[in-house]
Amino acid sequence: MTGTECHRRGCDRPAAFVARETYAEETGAGIVNAEAYLCQTHAREESPANLDESTPEYRFVVEPIGE
């Protein structure tokens with residue numbers, strides 16, 4: 001996916017990574033699949049955000065775009 005800008009507010013650098021997190025919705029409404037395209041700087045800052053109620057479906061990964 002080329003030409004995509006970083007999803008962080010105020011950042012116009014090109015995205016180099018995609019962060020994906022799969023977790024159970026806290027209201028019990030199902031599984032959420034979230035992803036954010038990030039520049040290298042913001043990818044370094046990314047970390048899991050939904051560990052409190054993690055389930056076997058939980059997944060967090062940051063991967064280079066194109067792999």
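Of the 67 residues in the protein chain, 24% are buried, where buried means under 20% relative accessible area, exposed over 50% and partly exposed in between, with a 1.4 Å probe and protein chains only. The model is predicted: local features need pLDDT of at least 70, side-chain atom pairs count only at pLDDT 80 or more, and totals for chains, interfaces and linings use all residues. Residues are numbered from 1 along each chain as its sequence is written, and side-chain values use heavy atoms, with hydrogens and water left out.

**Fold**
- The protein chain has 1 helix and 3 strands; helices (H or I, at least four residues) and strands (E, at least two) are DSSP runs numbered from the N terminus.
- Read from the N terminus, the order of elements is β-β-α-β.
- Along the principal axes, the C-alpha atoms fill a box of roughly 35 × 25 × 20 Å.
- Among contacts (heavy atoms within 4.5 Å) with a separation of 6 or more, 52% join residues 24 or more positions apart.

**Surface and charge**
- The protein chain exposes about 4,800 Å², and carbon and sulfur atoms supply 45% of that area; accessible areas come from the Shrake-Rupley method with a 1.4 Å probe, and for residues only the protein chains shown count as cover.
- The chain has 6 positive and 13 negative charges, with mean positions 8 Å apart.
- Lys and Arg count as positive, Asp and Glu as negative, while His and the chain ends are not counted; each charge is placed at NZ of Lys, CZ of Arg, CG of Asp or CD of Glu.

**His42**
- His42 lies in helix 1, which covers residues 40–45.
- His42 is buried, at a relative accessible area of 13%.
- Beyond its neighbours within four places in sequence, His42 contacts Cys6, Arg8, Cys11 and Arg13.
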